[in-house]
Every structure is written in C-alpha cells, then in structure tokens.
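Trainee: I've got the model open and I'd like to learn how to read it. Can we go feature by feature?

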Protein chains: 2
Amino acid sequence: MVSGPNDAQLRERAKKVIPNGMYGHQSTRLLPANFPQWFSRAEGAYLWDVDGNRYLDLMCGYGTNLFGYRDERVDEAVATQLAVADNMTGPSPLMVDLAEQFVSMVSHAEWAMFCKNGTDATTMAVTVARAETKRRHVIVAEYAYHGSAPWCTPIPAGVVPEQRAHISSCVYNDVDSLDEAVAAAGDDLAAVVVAPFKHDAFQDQALPDPDYARRARELCDVSGAMLIVDDVRAGLRVSKDCSWESLGVRPDMSTWGKTIGNGHPISALLGSESCRRGAGDIYATGSYWFSAGPMAAALETLRLVRETDYLEHTVALGKQLRIGLDDAAGRYGFSLHQSGPVQMPQIFFQGDDDFRLGFAWAEAMSAERVYVHPWHNMFFCDAMTSEDIDFALAAADRAFGVVGGTLDSIEPHPVVKTLVGGT
Amino acid sequence: MVSGPNDAQLRERAKKVIPNGMYGHQSTRLLPANFPQWFSRAEGAYLWDVDGNRYLDLMCGYGTNLFGYRDERVDEAVATQLAVADNMTGPSPLMVDLAEQFVSMVSHAEWAMFCKNGTDATTMAVTVARAETKRRHVIVAEYAYHGSAPWCTPIPAGVVPEQRAHISSCVYNDVDSLDEAVAAAGDDLAAVVVAPFKHDAFQDQALPDPDYARRARELCDVSGAMLIVDDVRAGLRVSKDCSWESLGVRPDMSTWGKTIGNGHPISALLGSESCRRGAGDIYATGSYWFSAGPMAAALETLRLVRETDYLEHTVALGKQLRIGLDDAAGRYGFSLHQSGPVQMPQIFFQGDDDFRLGFAWAEAMSAERVYVHPWHNMFFCDAMTSEDIDFALAAADRAFGVVGGTLDSIEPHPVVKTLVGGT
C-alpha cells in the first residue's frame with residue numbers, strides 16, 4: 001500500500017538514480033507505508049502529493065514553514081530582490097540590514113553570521129568556541145540532534161572516531177550529570193551545546209529545567225567556556241528572542257535556521273561580545289551564503305515575527321490540538337503522551353515502546369489527509385486556522401477508531417524496532 | 001581610498017554586527033583597498049556596487065554565474081516553480097528529474113545526491129568513501145581547496161587536530177609523490193580526492209598531467225579506494241561531463257556546485273555503482289536540501305549546458321583576454337604568467353612574489369570598472385561578449401600604464417605578505 005500510482009512510479013525511478021531512492025530527513029523509509037514520498041504543491045498549511053491528495057501538514061517542512069507555505073509577503077520580498085540581484089561576487093547591503101535586525105531582536109546577540117544549513121551554524125558555533133577559548137572539549141546532551149556533520153551526526157557511518165574527539169555527553173535537565181561532564185573536561189572545556197528544550201527524535205520531549213539552564217550558564221561562566229543554545233529547530237517558535245531568554249539565561253552563541261527565511265535557504269549564528277574575536281578568527285564560507293534573495297526572505301520573516309501575533313496564534317492552535325487529541329484518544333480507550341511546547345508537539349501513545357500504535361495512527365491520519373509524524377516533533381504555521389485543527393481532530397477521531405479496530409493485527413515497523421532505545 | 005561613500009558607510013555598520021565586518025570568500029580584507037565590499041545589482045556579465053559604479057565582473061560570483069546574472073531562462077524556471085512549491089515536508093518530483101538528467105550527462109555517474117554547499121558535497125564524498133571501503137585514510141593535494149569544513153578548511157582556527165586525522169597530502173601532478181602517499185596509507189586508503197586541475201589560490205594553476213590522472217585511477221583500482229574528482233569550482237566550465245572524462249579517467253564520485261544552478265543554491269555529489277552502498281549508508285541532510293526552486297534552476301541550467309555553445313563561447317572569450325593581456329602587458333614592459341584553462345584564468349605578474357604588482361593592477365582595473373582578482377582564478381559567463389573583453393583590454397592597457405607609472409611607490413598588501421608561500 002503506497003500513496004498512489006504517481007508516487008509509486010517516482011519511487012521506482014528514484015531507486016535507480018538516488019541512493020535508497022531518497023536520503024536524509026525527508027526519506028519516508030522510517031515512516032508508515034502509505035506516506036507519500038513526493039509532493040507537487042504547497043500552500044499555506046497544506047501540501048499536495050503527486051497523486052493530487054491534499055494534506056493538512058503538521059510537519060510544516062520539518063519546521064521551515066512558519067507563516068504558511070508560499071506566504072505572499074515573504075515570497076514577494078524575495079521576488080522583488082531576485083529582480084535586482086541574488087548571488088553575486090560580493091554580498092548585498094541586505095546582509096547588514098539583516099544582521100542589524102536580527103541582533104536587535106535577540107537579547108544576547110551582538111553579531112551575526114549567515115550560512116545555509118543548520119549544521120553550518122552549529123559547526124561554526126563549536127569552531128568559534130574552540131577558537132575563542134583555545135580549548136577543545138565540547139559537551140552535548142545524549143541523543144540531542146545538532147546536525148549531520150561528522151562531529152554530530154546521529155548515524156556516524158563513514159565518520160572516523162577522531163572526528164568526534166573531545167566531545168562528551170550529559171543527560172538533558174540532569175544537573176549532576178552536567179556537573180560531572182564539566183568536571184571531567186577539566187580546564188579544556190570550550191563549549192556546552194544545549195537544545196532550548198529536549199526535542200530528540202523517538203523520545204518524549206521535555207521543557208528545560210530552569211535550574212539546569214542556570215547551572216549551564218554558571219558552569220560556563222566559571223570555566224570560561226561558551227554556552228551555545230541550538231535554536232535551529234525551535235527558534236522563533238517558542239519565543240521572539242533566544243529560547244532561553246525567558247529563563248533569564250543568555251548564551252554566548254545561538255544557532256538559527258528553518259523558520260528565519262520561512263522556507264527560503266538561510267541559517268545563522270548569533271553571538272555576543274564574549275566570542276566576537278573567535279568568530280573573526282575562523283574560516284567559514286559557502287558559495288551561496290551571501291545571496292540576497294534568502295536575506296530578503298529573512299528580513300520580511302523577522303518583520304512578521306515582530307509585527308504579528310503568530311506566536312500566540314500557533315500556541316492557541318497547539319492547545320486546541322493537544323486537548324482535542326486527548327479527548328479523542330480517550331473515547332477509544334487510548335492514552336496519549338503529548339510532550340513539549342504545544343506548538344511543537346511530540347505525540348506518542350502511552351506504553352507504545354515499539355511505536356506500533358503511533359505508526360498505525362499516523363498511517364490512518366495520512367489516509368484522512370492529515371500529515372502527522374510518528375516519532376519526530378511536529379510544527380504549526382500561522383496560516384493554520386482553528387477550523388484546520390477541527391479538521392485534524394475529526395480525522396484523528398476516525399483514525400483512533402481504525403487503530404482500535406485493528407489492534408490485534410498491528411506489527412511494529414521493522415526498522416524502527418531495531419532503532420528503539422536510541423537514535 | 002575606498003569604493004565610495006555608501007560602501008564606506010555599510011562597512012562601518014557591518015563592523016558592529018558582523019565579525020570583522022565581513023567573513024568568508026567574499027570578504028575584501030585580502031583585496032585592494034578600493035575594491036567595493038557591497039553590491040546592489042547584477043545583470044548578465046555586470047555588477048553594480050552600492051555607489052552606482054558598474055563593473056564587468058570577471059569573478060562571476062566566484063564561479064556561480066555561468067550563463068549571466070539573472071539569466072531569464074533560469075530565473076523564469078525558478079519563478080514558475082516557486083509559484084507552486086519550494087521547500088516542503090518532502091521533495092518534489094523535480095529531484096528525480098534532476099538526478100536522471102545529471103546522471104545522464106556525467107559518464108561515470110549512476111546516482112546523485114543534492115545538497116547546498118560545495119563543502120557539503122566534498123564532505124559527503126569523503127564520508128561515503130569511508131563508509132564504502134570501511135577504511136579511514138584520505139589523500140588530497142597540498143594547498144588544494146575542498147571547502148571550509150573542519151577536515152579541509154585552509155584556515156583551521158578552532159579545529160582540533162583530530163578532525164583532520166587520517167588525511168595526508170601529495171603534490172599535484174607529481175606521480176612519485178602520489179605513489180608515496182598511497183604506499184604510506186597502506187591498506188587503510190579510503191579515497192584520493194583530486195581537483196580536476198590545480199586551481200589553488202595564490203599559486204599558478206596547472207592542467208592535470210594525464211599520467212597523474214591515470215595513475216590516481218590505477219592506484220585506487222589496485223587498492224580498492226575511491227577516486228573523487230572535486231568539480232565544485234570547475235564543473236561545466238571545462239567540460240560538459242566530469243572534467244577528467246576527456247583524459248579517459250572516470251572517478252567513483254564527483255562533486256558539483258556553483259555553476260549547476262546558475263547562482264541558485266544547489267550542490268551535488270554524483271557517484272558510480274562502486275559506492276552506491278556507501279552512499280546509502282551515510283546520514284547527510286539539511287533543512288533546504290530538497291527545495292524545488294533550486295532544482296528547477298539546475299534543470300534549466302543543465303538544459304542550457306546541453307543545448308547551447310556556452311563552453312566554446314567562454315573559451316573563445318578566454319583566449320581573447322589571454323592574448324590581449326599579454327600584448328597589453330608587453331607594451332608597458334610587464335610579463336604576465338597566465339595559467340590554467342583560458343576560461344578559468346589565474347593572472348599573475350612574472351616574478352611578483354609578494355603580489356604587489358598584481359594588487360596594484362587589480363586596483364587600477366577596479367578604478368576602470370573591471371573586477372579582476374589578484375590571487376584567485378577568474379571566470380567567464382555566457383552573457384559576456386567579445387566587446388566586453390575589448391572593454392576589459394582597453395581598461396587593462398590603462399591599468400598597466402598606471403602600475404608602470406607608480407612602480408617605485410607600490411607596497412605589498414600587509415596581510416598577503418604574511419600569507420605568501422601557502423594559503
């Protein structure tokens with residue numbers, strides 16, 4: 001059972017010319033069988049697969065869609081810029097405008113560097129920290145995703161162990177574990193890299209314990225290490241500032257991506273004075289990093305961030321979905337564990353250790369034309385309406401019924417079965 | 001002396017919010033003082049700085065501009081695609097179309113992976129080689145540029161030495177040196193990474209010695225290592241196939257970028273059957289890697305590559321410039337060393353070890369509104385005409401006169417002085 005004949009045909013063609021037919025985070029290899037792999041159209045909160053089926057998309061481009069696919073305001077800013085200049089031998093003045101705007105919105109930030117991938121930003125952050133401190137050691141949390149570069153990829157095939165030297169891990173929100181990791185690093189600690197909240201794949205999410213956040217800052221202050229908040233996934237979705245600002249904790253650097261161009265390709269590293277020298281010492285560049293089009297997108301996206309109530313709106317939608325799903329699940333005897341901020345939900349079935357119920361439900365939701373993810377946190381966009389959530393909840397009600405009616409025959413996904421326990 | 005008041009004002013603003021005021025390959029810190037840092041417009045072969053000066057641009061976006069800035073055919077394909085879909089929760093069918101097209105044009109290739117930065121592609125290539133061979137060692141040529149990631153950056157500030165473990169170098173075109181490096185790697189050789197021709201910064205370029213190229217292939221065949229041609233900079237500029245195809249040497253992988261989207265952000269790794277399994281084993285991804293807009297740009301760019309005479313045209317322009325510059329230099333008693341393919345020229349003054357003449361000439365050319373680079377190879381685009389080259393040559397004649405008239409007072413660039421001898 002696949003999504004449709006056009007999707008199936010494209011999969012066959014892709015198998016020949018793309019390794020495994022598709023790679024990376026958008027591969028459906030770890031998704032239910034009826035999930036479409038190929039999409040032909042996007043608008044607002046909706047996606048169309050290549051067989052013409054429309055989906056309410058609760059993945060929002062894995063977070064890149066903040067205001068709606070093809071938001072007219074952002075795309076018009078891009079089109080206006082592309083009519084004059086995009087990629088050139090030097091940057092456009094938009095780079096200065098954007099750095100000024102972004103720095104003015106993020107309390108800890110005094111400088112900005114722009115790049116393309118979230119991984120570019122996190123790799124640069126670690127490199128800046130090492131250049132600034134002249135030390136080597138970096139602490140991350142277990143299972144945390146900070147990108148697909150050799151130093152941080154969750155699947156290190158083809159990576160030699162030395163590329164991950166001087167990196168150790170602690171348990172998110174566990175102060176003792178952080179203390180131990182810092183003590184073990186001794187006088188060689190360059191950086192502590194944290195997610196703004198725990199948003200690991202295949203795991204319950206967790207909001208940051210303020211004591212943990214403050215302790216991370218304190219340990220960095222005492223040791224002279226750099227605190228880095230990796231806001232690539234959550235940035236602008238939980239706050240209009242750095243995500244830890246509301247805890248009263250300011251990092252030395254924060255990394256950004258996904259939302260900041262509303263889908264147009266741009267990511268960023270923001271930093272404070274504490275590491276401006278290190279940032280100036282490293283070499284980091286890319287062929288398209290200084291293109292003006294995505295910077296126009298980011299300027300307009302940041303304007304919308306400042307001037308609209310998208311954040312309150314997506315939080316309200318998230319609450320509506322969370323409450324409605326709990327109700328619907330209960331009607332069929334299921335109990336959900338929904339974790340993380342309501343606007344970035346991770347939705348699991350209680351006790352569903354091998355994710356078989358979650359996969360079955362996501363598959364049934366896909367048949368109802370709502371795209372939900374069985375093991376990755378989801379996203380909302382400002383273009384979604386309360387009626388869209390009603391549509392999702394009606395679909396969810398039927399999907400819980402489908403799962404409940406086929407409980408005995410549900411098998412776990414063969415690959416996921418082997419992955420459970422760590423990503 | 002700077003380019004103009006608007007440029008100067010932007011530099012002041014940038015200093016506050018961007019480390020060093022600008023970073024990466026587009027920073028003018030290592031360029032003559034009158035070079036503009038900021039550009040507001042681009043069209044065809046021309047750039048306009050923020051003070052309204054128009055330049056014939058012989059850097060072509062450091063190689064991204066192949067058919068002309070804002071080529072209507074490419075940009076219309078992009079606009080048409082953006083009106084339907086760009087970045088989504090899954091890829092568009094254009095990804096399959098593009099993989100098929102690209103693989104059909106590059107003789108060694110059986111599969112394709114798309115990414116954003118040239119560095120993404122080279123890092124993936126090395127990772128695939130290690131995953132495929134289950135070995136660790138990688139041989140590169142001295143001074144060769146393969147990107148700005150920790151394993152290959154030319155300025156490793158903030159990089160721990162372990163990130164560059166199991167990498168050794170040989171001398172480009174020196175068979176004995178390659179033999180020695182391969183012998184030293186023993187049974188741990190995963191890959192030999194080569195530039196299609198020697199195009200290192202600050203150094204004369206050199207075309208590949210066919211014996212060297214064949215020996216590289218032979219050594220990889222004997223040892224089971226992967227041969228990787230890094231065509232990010234030269235791809236589609238010296239051949240419509242992989243750049244070593246004309247030597248009869250087929251790599252296992254080739255890396256691409258810059259030209260393939262005519263400035264729109266896309267890069268690629270192409271591979272043969274020999275490493276399809278390794279390619280399927282690695283994890284590599286990025287938020288924007290599967291966006292449809294840049295794939296539409298690449299499809300149209302590849303169509304233009306197949307259906308136009310851009311290659312013959314840029315070679316003819318390159319010859320015209322090379323011959324004309326030698327003549328003009330001679331009229332003022334200068335002798336040039338112009339190296340590399342005519343359409344990707346490196347232009348130095350004979351005996352100008354500290355580049356003082358080259359910098360003075362580039363500065364004088366900039367005043368004449370022709371953008372030439374004193375230490376990096378240059379590029380042509382299909383939108384350039386023979387009349388444009390006449391314009392450049394007339395400017396060059398006057399610029400040689402300026403340099404000749406101020407010979408006694410020319411000082412070397414302070415930073416370059418310290419760099420000479422290696423990048």
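Mentor: Start with β11 (residues 336-339) and β12 (residues 346-349) of chain B, which pair in the antiparallel sense over 4 bridges. Strands pair if DSSP finds at least two bridges between them; strands (E, at least two residues) and helices (H or I, at least four) are DSSP runs numbered from the N terminus. This is a predicted model, where local features need pLDDT of at least 70, side-chain atom pairs count only at pLDDT 80 or more, and totals for chains, interfaces and linings use all residues. Residues are numbered from 1 along each chain as its sequence is written, with chains lettered from A and ligands numbered from 1 in the order in which they are written.

Trainee: Which residue stands opposite Ser339(B)?

Mentor: That's Gln346(B), in β12(B). The hairpin has 6 residues between its strands, and Gly340(B) takes a positive phi near 85°.

Trainee: Why does Cys60(B) count as buried?

Mentor: A residue is buried if 20 or more other C-beta atoms, placed from the backbone, lie within 10 Å of its own, exposed if 12 or fewer, and partly exposed in between. Cys60(B) is buried because it has 31 C-beta neighbours inside 10 Å. Tyr143(A) has 17, so it counts as partly exposed.

Trainee: And how do I read a nonpolar core?

Mentor: In soluble globular proteins, nonpolar side chains tend to be buried together. A core here is a set of buried Ala, Val, Leu, Ile, Met, Phe, Trp, Tyr and Cys residues joined through C-beta atoms within 7 Å. The largest one has 292 residues, and Ala112(A) is among those with the most contacts inside it.

Trainee: Which residues is Ala112(A) in contact with, leaving aside neighbours within four places in sequence?

Mentor: Contact means C-beta atoms, placed from the backbone, within 7 Å. Its partners include Phe102(A) and Leu270(A), plus Val17(B) and Ile18(B) from chain B.

Trainee: How many residues does each chain bring to the contact between A and B?

Mentor: Chain B gives 89 residues and chain A gives 89. On the chain B side, the largest share, 6 residues, comes from α4(B).

Terms used:
Contact = placed C-beta atoms within 7 Å.
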